[in-house]
Amino acid sequence: MFNPVSTSRVRATRALTWQGCATLAVALLWWVLPGGGVKSAVAALAGGGLMVFGGLIAMLLALGGGIVSGAHGALGRVVIATLLKWAVVALGLLVVFGMLKWPPLPVLSAVILTVFAYIVANAIPDKVSK
C-alpha cells in the first residue's frame, strides 16, 4: 500500500475546507431562522470553529514536522493528534456552554455537521494519475 504524506495533507486540507464551509452554512442558517439571530449564528460559528481549529492542530501535529520515522512513530503522532483535537473541542465546548452560556443547539448542530462534512470529504476518492 502506497500512501505518501502529501496525499494525506491534501485530504486533510480538503476535509478542513469542507468543515469550514459547513460551519459557515450552519451559521448562516441559524442567522436567518426565526428565533435564531446573531447570537445563535455566533454560537454555531464557535462550535464549528472549534472542530476546524482542532482538526488543524491535529493535521499539523500528525502530518507536520518532516520527521521520517517508522510505523510506530507515525501511529503515535496520529493518536496523540486525535486526542489533542478532541481535548481542544471538549475544552472549547466547556467554555462555550459553561462560561459564555451560549445556546447549545446551534453549537451542537455545527459540531455534528462538521463531523459529517469530514466524513463526506474523506469518502471522495482521490484522482489517480498514471
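Student: Which residues in H3 are buried?
Tutor: This is a predicted model. Buried here means under 20% relative accessible area. Residues three or four places apart on an α-helix point the same way, because a turn has 3.6 residues. In H3, the buried residues are Ala81, Lys85, Val88, Val89, Gly92, Leu93 and Val96.

Student: What covers the buried residues of H3?
Tutor: The protein chain has four helices and zero strands. Cover for the buried residues of H3 includes helix H2 (38-63) and helix H4 (104-123).

Student: How far apart are the end C-alpha atoms of helix H3?
Tutor: H3 runs over residues 71-99, which is 29 residues. At 1.5 Å a residue, the helix should span 42 Å. The end C-alpha atoms agree with that, being 41 Å apart.

Student: Which element gives the most to the largest nonpolar core?
Tutor: That core has nine residues: Ala43, Ala46, Leu50, Met51, Val89, Leu93, Val96, Val107 and Val111. Two or more residues come from each of H2, H3 and H4. With four residues, the element giving the most is H2.

Student: Which residues does Val96 touch, leaving out those up to four places away in sequence?
Tutor: Val96 is buried in H3 and belongs to the largest nonpolar core. Contact needs heavy atoms within 4.5 Å. On that basis, Val96 touches Ala46, Leu50, Lys101, Trp102 and Val107.

Student: What percentage of the 130 residues of the protein chain count as buried?
Tutor: Carbon and sulfur atoms hold 79% of an accessible surface of about 8200 Å². Of the 130 residues, the buried share is 30%.

Terms used: Residues numbered from 1 in each chain as written. Predicted model: local features only at pLDDT ≥ 70, side-chain atom pairs only at ≥ 80, totals over all residues. Heavy atoms only, no water. Buried < 20%, exposed > 50% of the residue type's maximum accessible area, 1.4 Å probe, protein only. Areas by Shrake-Rupley, 256 points an atom, 1.4 Å probe, with all protein chains shown as cover. Expected span 1.5 Å × (residues − 1). Core = buried A, V, L, I, M, F, W, Y, C linked by side-chain atoms within 4.5 Å.
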